[in-house]
Each structure stands twice: as structure tokens, then as C-alpha cells.
Amino acid sequence: MSSYSIQSQNLSKLFGRRLIFKDVNFNWTEKGIFGISGPNGSGKSTLVKIVAGLIAPSSGKIIHKNSTVEIIPEKLHNHIGFVSPYLVLYEEFSAWENLKIFAKIRGVDFNEEKVIYYLTQFLLENRKNDLVKTYSSGMKQRLKFIFALMHSPEVLIFDEPTSNLDEEGKKVVYDIVREEGKHRIVIIASNEIKDLELCSEILLLEKFK
Amino acid sequence: MIWKIFLFLLLAFVSIAGIAFPIVEKPSAWYEFPFIPGLEENAKIIFFHVPTAWLTVIAFLMSTVFSFRYLRTKNLDEDAKAHSAAQLGMIFCILATVTGAVWAKFAWGQFWSWDPRQTSIFAILLIYGALFALRSSIESEDKRATLSAVYSLIAFVTVPFFIFIMPRIMKGLHPGSADDTNAGPVIDFKMNSSMQLIFFLSLIGFTILYFWMWRVGYKSIIIKDKLDKKIMNPITGQGG
Amino acid sequence: MIAESYALFKKDFHSELRTRYAINSLAMFIIVAISVILFSIGNETITESLTAGLFWVVIFFTAMSGLSRAFVSEEERGTTLTLQLIASPTTVFSGKLIFNLILVFCMNLVIALLYSALFEKFVVQNFPLFLLTFILGNIGLAVASTIIAAIIAKAGAKGTLYPVLSFPILLPLILTCVQLTLFSFDGTSFEEAQFELAIVVGYDVIMFTASYMLFDFIWKD
């Protein structure tokens, strides 16, 4: 259980001079499953990217805290696990190699047992030494989840988590989300009703214009 | 409005005086210029060449400063100011290069001889060219502003090197460089008072002209940008 | 931090080993470029200063051919986001810089060897000076090329834009290195070449510092 918190203060984003959203406020702590919903174009992906520290907001602040210590942007990446349809992994390497490389670049230990556990959970264990180039889109999506979970981050951000997945894949994801939501902050950005049903709190982004 | 008329008269006077006033051995009348060894008849270019070169530098500095401010504030207005300065900088740079080359033909016999100062101004021309090429290849205005700001700053950092390496790498023909025993008319004030007057009036006139054009330039960029946004319908926005 | 940058370099290195893209095309480029020059010269003997100049010309264009890949390949495949999620901007720049540094040294070593074999006037009298110029010049080349590569990776028309943006920035370095190369041919002493060496060192330090400070802005959207 972490005493991690994410707080946004009057978050606004403009692209050029066009307003995407304005004065978004929330305060999410410790654990739980939080949703961000809105029609296409409302800025869901943009908002989660800001939370993940990938984009800077135009005004306002997003503050990540571990207990009471604020985390600086340069160190944020190891506290976040991120999955989205536009995330691409290195296709010239195998799944196993990809995960190993990521651990090294992150500067965290590569826990073989944990990785094998996840590979099995996500039904990829028998393909772990195959190049990602040979994976189907559903397999790639599942691998992305492993990428997000591997380093035990305090925050999990899933943008459209069930895209590209069949019913079986979706079930695995929902199980993981429910389980992780008991120990960490899980943020889901989606339009799917079934995805949002898991959330205890939902932010309706189109209200923030 | 009044000051625009004033500016017009000033620049008109400077242009006419600069070209028409004769250069004589011993200036007696107020409108006569002295004979400067090494420059002689060509001296008149000083009224146009030096101000344009001076403004190229000013424009470059301003472009860099506003680029820096954009990176700090992410306010697109700063980018408009930087861009306006760069546009004018390019124009004045071309003018300075051309007036310089014309003078060079008369003084040294050829338009271009890779004299250190010539090479430096050419390098600045390349930087501006690169900056505009970069800007035109980026659609997103945030990205465009950020990347051109970064490039401006990198370019700014390399420019001082020219001031240092040039005198060593190449011997200079340009007035005021290491080889020139006359040490440049501006520094030595070999100009008489009426010549100095015209020179400084020219400098002031061109500088005011530059700032005026710069203001009009950046404001029109900003207005055009805002108009474009209002008139265009918001199509489906960014992927949500 | 170093370990992570090194890990990123190793990733690029292994990726390169698998696809062998850069090595093949760069090697061919060097051969083609030098051949073109040799053909144009024909049987004439070119002067020392021309040789020195042409040496750095080939170095420049080879760099333009190969150094943008570090960032452009990530952008083109969409893995920039992946890198943003696993490393800080400083780590990314360091990793890419290490890769480009090694690439530059390898390329330029080949170019230098070919030149000394094929060009009459490429005779180095002051070898330590040449070596120092080679090392310092390569560092400057790698640093400047890497930061510009980061810029154009985010723009369009990447191929043609890269030399256009790099040349003005590299010009002070190239001019000074040509001069220093000439000095090393002539056997000029270190004392006399001090000023030019100071320029190159200054350039390396300033470009290095500026690149690290500005990279954050380029990298983060």
C-alpha cells in the first residue's frame, strides 16, 4: 500500500490557441479505480498524458506525491505504468528482450519470476521468445500491460485498455484492473461502458470547457 | 501618424544626403564630406551598409530573446515576436550582404572574396534560411514555435565563434579588421561632423523603421492567427 | 544515470546489429563520396589545403547521412512514447549521444584511413596534433549533430532538413578543424595551434551544455 497521491490544480490545455479543457481538478490518493470519460476529441488522451508527465499543461499544475514528498518530472517515469493504443514496442526484439531492455533503461531490477508470472497471466508465455513483429494486435496489447506492470508502479494509466482485445483478453484485463485497484491508483480513459463500470469515480471531461 | 511622416522625411533626407553630398579633399561647406584614405568615394555606402548590418544583429538578438521567452512562458505571442524579428533580420541581412558585395566590387575588385566579415554575414543568412525551412516543415504551431525557439538559441550560441575565429583563420580586407591600418572610419572618427551627423541620422532612422516594421509584423501575425481560428469551424478535435 | 544511458545505447547497438542498416548504407556512402571526389580530381594533384578541406567535407556529409537515425528511427516507428515512459530526457539524450559518438569515430576513422591511402597530400607530420583534432572535432560533430537530429526528428522533410539546419551550426567547428588539420600536415607545433584548439574545446563545451539544457524542450511535447 503506498501513500501516493495525484492532485491536479486547475489543469488547462490549449493546442496553439484552441482550448481542449479548462480548470480540471481532482485529488486521487492511495488506491482505487478512477475513470475519465468523454466523447472522441474531448481530450481524454491529452489529459492522461499530462497526468503521466508526457505533456506539460498550458496552465495549472499536476502534482504527484509519495507520502509528502513531491516527485520531480525527471523521476516520474518509474512511478507510472502506461498503456494506450498508440504505444509501440520494439518489434525487432522478442517480448522477453523488450522487457529486459526496459528494465535496464529504467534502472530497475529485472525480476524474472514476476515477468514469467505476468507472461503466463496474459497468455503470452509460450511466445515470449518470438519477435514482437510476429505478434497479433491483441498480443501486442497484452504485452503492453506487462510493460506497464513490470516495475510495480504506484500509478497505472490505461488509455482505451480493451482496444484490440477479444472477450478472453478483456476478461484478463478486467481481472488485473480490479486486483491492482486494491493496491494502487488505476486511471482508465475510455468510452466503453464496461470499462467505466469498474471505476469508483468518473471524470466527465466534456464538462470542463 | 506625425512620427511616421517625420520618419519618412528623415530617411528621405538621409538617402539623398548620403548619395548626393560630394566628397572633397577639404570640406568647407556643411554639406561636404572629407576624403578618407582607403575608402574614398566608396565611403557613402557607410550610410546604408552599416545600418543594415547593425540591424541584422539587432534582429538576431531580438529573435533569440523572444525565443527564450517563448520557451519560458509558452505564450505564442512571444513566438510571433521572434518570428517577426527573424523575417526582418533576413531582409536586412540580404541588404547588408548585397550592399557589402557592391562596395566590395568597387573597393577590392570582386563581389565576394570570403573575407571574414563576409563569411560571418553569410553564415547568419544560412541560419535564417534554416530557421524558415524548419518552420515551414512543421504543421503544429506549438511544435513549430518550440523547435524554432530551440534552434534559434543553438544558432545564437555558435555565432560568437565567428567573431573569434574569423580574424585568425582569414586575413581581412574589410575596413576595421585586423589588417586594415586605417582602423575603420567609425571608430577613428575620421568622418567630419556633417558626415557623422548623416551617419547617425541614418542609423537612427533605420532603427526606428525596423522597430516599426517589427511591431506591425508581429501584431499582424497574431491577428491573422486569431482570425483563422475564429473563422474556421472546429472540426473533430484531437483524439480524445 | 550512466548505467541507464548505457543501456539505451546497447539497445540501439543491438538493434543495429540485427538490421545492419546504418553500417551498410554508411559504408557505401563513404566509398561513393570519396570516389566522386577522386573522379572529379582525375590525375591532378590537389593542394594540401584542398585535401584538408575535402577531408572534412566528406566527414560532414557522412555525418548527415548517418547521425539522424538515432532519433528519426524512434519517431518513424512510434517508439518515442515508449522511451519517454522509461527514461528521463537526460538519459535519452546521453544514450543517443553515446551511440552517435561511437558511430562518428568509426566512420571518421575509416574516412581518415582511406584519405591517407588515396590522397597524396594527406601526410600528417604532427601526429599528436592530428589525433587531438580528430578526437575533439568528432566530439563536437557528434554533439551538434545529435541535438539537431532531435529537432528534425519532430519536423517534416527530415532528410533534406538535416544538412540545412546542421551546416550553419557546424560551420565554426568545421572551419577550425580544417585549419587544424592543415597545421598537422605542415608540422605546426601545439603552441602555435593553441588558439584554434581552444576554439574547438570551447565549441565542444558550449554545444554540450546548450544541448543538454535545450533537449528537454525538444523531447517533451
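## A predicted assembly, chain by chain

The secondary structure of chain B consists of seven helices and zero strands, where helices (H or I, at least four residues) and strands (E, at least two) are DSSP runs numbered from the N terminus. The model is a predicted one, in which local features need pLDDT of at least 70 and side-chain atom pairs count only at pLDDT 80 or more, whereas totals for chains, interfaces and linings use all residues. Residues are numbered from 1 along each chain as its sequence is written, and chains are lettered from A and ligands numbered from 1 in the order in which they are written.

Read from the N terminus on, the elements of chain B follow the pattern α-α-α-α-α-α-α. Of the 240 residues in chain B, 38% are buried, a residue being called buried if 20 or more other C-beta atoms lie within 10 Å of its own, exposed if 12 or fewer, and partly exposed in between, with C-beta atoms placed from the backbone. Two residues are in contact if their C-beta atoms, placed from the backbone, lie within 7 Å, and among the contacts in chain B with a separation of 6 or more, 70% are between residues 24 or more positions apart.

Chain B touches chain C through a contact that takes 25 residues from chain C and 25 residues from chain B. On the side of chain C, the elements that give two or more residues are α7 (127-153), α8 (158-186) and α9 (190-219) of chain C, and the largest share, eleven residues, comes from α8(C). By class, this side of chain C divides into 21 nonpolar residues, three polar and one charged; here Ala, Val, Leu, Ile, Met, Phe, Trp, Tyr, Cys and Pro count as nonpolar, Asp, Glu, Lys and Arg as charged, and the others, Gly among them, as polar.

Chain A also meets chain B, with 15 residues of chain A in contact with twelve residues of chain B. The elements of chain A that give two or more residues to this side are β2 (18-29) and α1 (44-51), and α1(A) provides the largest share, three residues. The side of chain A that touches chain B has three nonpolar, nine polar and three charged residues.

Within chain A, five strands form an open sheet with parallel pairing, in the order β6-β7-β8-β3-β9, where two strands pair if DSSP finds at least two bridges between them. Because β6 (80-83) and β9 (201-204) of chain A stand at the edges, each with a single partner strand, one side of each is left without a neighbour in the sheet. Neighbouring strands of this sheet are turned by 15 degrees against each other on average, direction ignored; axes are lines fitted to C-alpha atoms, for helices over the stretch in contact, and angles run from 0 to 180 degrees between N-to-C directions. The helix α1(A) lies across β3 (32-37), β7 and β8 of chain A, and runs at about 155 degrees to β8(A).

The strand β7(A) deserves a separate look. Five of the five residues of β7(A) are buried, so this strand is largely enclosed by the rest of the structure. From β7(A), V155(A), I157(A) and D159(A) point one way, while L156(A) and F158(A) point the other way. Four bridges pair β6(A) with β7(A) in the parallel sense, and F158(A) in β7(A) is the bridge partner of V83(A). The chain then crosses from β7(A) through helix α6 (residues 167-180) of chain A to β8(A) in a right-handed β-α-β crossover, which is to say that, with the strands pointing away from the viewer, the path from the first strand over the helix to the second runs clockwise. Between β7 (residues 155-159) and β8 (residues 185-189) of chain A there are five bridges, again in parallel, and D159(A) has A189(A) in β8(A) as its bridge partner.

Antiparallel pairing is found elsewhere in chain A. Strand β1 (residues 4-15) of chain A pairs with β4 (residues 59-66) of chain A over seven bridges in the antiparallel sense, and eight bridges join β1(A) to β2(A), also antiparallel. The hairpin of β1(A) and β2(A) has two residues between the strands, and G16(A) takes a positive phi near 65 degrees there.
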